Amino acid sequence: MADEIKSFEDLKAAGSATEVREPKRDALGRSYATGRRKDAVARVWIKAGSGRITVNGRDLETYFPRPVLRMVINQPFVVTNTVNHFDVECTVTGGGLSGQAGALRHGLSRALCDYDPEMRKALKAVGFLTRDPRAVERKKYGRAKARRSFQFSKR
């Protein structure tokens, strides 16, 4: 057969090959990723473990006292059915608690994809790999806030 494809390069050139992703782990078996939301940046390391999450050297329940924020952070594990399978070590800077929780979720999702590329499909379907582009609108001159006018006084 003259049309026989012989190697992966030929498949790639033909355009019918899908890229095979490899797990990205360091010498300690950890995967690293960065997550962002608003002004917050989260640097996340995950490794196989018992489900312990440490944020800036503190326990998750101590750093994020609101249950809604803890739920947001645990969403990537729920979607991929890996609750209590990974230990998470992260540092979060900038923004408020809500933005930091969103950044941590983004970083966790990306780190899970690096640890096991099979999880990418589930995380992408629910939108956890997309950085949320919304940010605070800037204040304009002649305005009290971004859009609010100063109070009008007739006299």
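Me: In which helix is the place of Ser109?
Reply: Ser109 belongs to helix α4, residues 97-115; helices are DSSP runs of H or I with at least four residues, and strands are E runs of at least two, numbered from the N terminus. This is a predicted model, in which local features need pLDDT of at least 70, side-chain atom pairs count only at pLDDT 80 or more, and totals for chains, interfaces and linings use all residues. Residues are numbered from 1 along each chain as its sequence is written, and side-chain values use heavy atoms, leaving out hydrogens and water.

Me: Is Ser109 buried or exposed?
Reply: Ser109 is buried, because its relative accessible area is 0%. Buried means under 20%, exposed over 50%, and partly exposed in between, with a 1.4 Å probe and protein chains only.

Me: Which residues does Ser109 touch?
Reply: Not counting residues up to four places away in sequence, Ser109 touches Pro76, Leu123, Phe128 and Leu129; contact means heavy atoms within 4.5 Å.

Me: Now the sheet: what is the order of the strands?
Reply: The open sheet has five strands in the order β1-β2-β5-β3-β4, with mixed pairing. Its edge strands, β1 and β4, each pair on one side only; two strands pair if DSSP finds at least two bridges between them.

Me: How many bridges join β2 to β5?
Reply: Eight bridges join these antiparallel strands.
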